[in-house]
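Here is a short report on selected local features of one model. Please keep the sequence and the 3D view open while reading.

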Amino acid sequence: MSHNIQYRDYPENVDKDKVFSELSIYVQNECWQEGGHLNPIRWVPAPVCESIDAAQQYIETHDRGWYDCLAVRYREPIRGKESKAYLDLVKRRAKAADRYNKMYRELYAATVTAAFIGCKSCGSKLSREHLLTRTRSNQCPLCGADLRPASTLEKIQKARDSMEEINKKMEQEACRMAKTNGTVRWLVKIEFHT
Ligand SMILES: [Zn+2]
């Protein structure tokens, strides 16, 4: 027997009885061997969450357990009507992600000229050539420690932080857009066993 949790989203004015009957048929088909069924859906009237992620969080924290099925509303920005600020952030994020990925993937051995690289963790002297051509990794093949110096790891962390900072700004802007120019939808969580 396995636990199934699924999410669906619908327009705000959707026919709730129709949703329930469609999902019930779906669940019956999914668990024809177990004879499982769908519990009634609790359509929570308030609040209207500020994003689909917030709606999912709301559902997770208000779940009563035992195959509780519940729904909450959320605001969603209209696709194709994103603000200029948002579109700028999308571009910035792409650049930041690109920068981070390049830094993260760069082979340390390719950036040094010495024939041997010392592992600070186990003390091994590792052949640069071997790291470059054989393992192609930034990990010590003997102990698994990261061979990159702390200053490099710090730079990588900073690149990651700035990417996440942009992500946060995008989320905020998406919420703002949804509030001023968005639609309201239902996020429905169903749970059943098969
Ligand atoms: Zn090592």
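The report covers a strand pair, a helix pair and a few backbone details. The model is predicted.

**Strands S2 and S3**

Strand S2 spans residues 41–49, and strand S3 spans residues 69–77. The two strands run parallel and are joined by five bridges. Helix H2 covers residues 52–62. Together, S2, H2 and S3 form a β-α-β unit, and this unit is right-handed.

S2 also holds a backbone feature. Pro47 is part of this strand. The peptide bond leading from Ala46 into Pro47 is cis, and its omega is near 5°. For context, most peptide bonds are trans, and most residues other than glycine have a negative phi.

**The loop between H2 and S3**

Which residues here have a positive phi without being glycine? Trp66 is one, with phi of about 50°. Tyr67 is another, with phi near 60°. Trp66 sits in the loop between H2 and S3. Tyr67 is placed in the loop between H2 and S3 as well.

Is Trp66 buried or exposed? Trp66 has 7 C-beta neighbours inside 10 Å, so it counts as exposed. The cut-off for exposed is 12 or fewer. Tyr67 has 18 other C-beta atoms within 10 Å and is therefore partly exposed.

**Helices H3 and H5**

Two packed helices are described by the angle between their axes and the distance between the axes. Helix H3 runs over residues 84–105, and helix H5 over residues 150–180. Their packing angle is about 160°, and the axes lie 9 Å apart. H3 is therefore roughly antiparallel to H5, since the angle is over 145 degrees. The crossing of the two helices is left-handed. What kinds of residues make up the contact of H3 with H5? There are 15 nonpolar, two polar and seven charged residues.

Asn181 lies in the loop between H5 and strand S6, which covers 182–193. Glu154 is 27 residues away from Asn181 along the chain. The C-alpha atoms of Asn181 and Glu154 are 40 Å apart.

| Residue | C-beta atoms within 10 Å | Class |
|---|---|---|
| Trp66 | 7 C-beta neighbours | exposed |
| Tyr67 | 18 other C-beta atoms | partly exposed |
| Asn181 | 13 other C-beta atoms | partly exposed |

Key: Residues numbered from 1 in each chain as written. Predicted model: local features only at pLDDT ≥ 70, side-chain atom pairs only at ≥ 80, totals over all residues. Pairing = 2+ DSSP bridges. Helix = DSSP H or I, 4+ residues; strand = E, 2+ residues; numbered from the N terminus. Right-handed = clockwise from strand over helix to strand, strands pointing away. Axes fitted to C-alpha atoms, helices over the stretch in contact; angles between N-to-C directions. Parallel < 35°, antiparallel > 145°, perpendicular 65-115°, else oblique. Left-handed = near helix turned anticlockwise from the far one by under 90°. Nonpolar A, V, L, I, M, F, W, Y, C, P; charged D, E, K, R; others polar. Buried ≥ 20, exposed ≤ 12 C-beta atoms within 10 Å, placed from the backbone.
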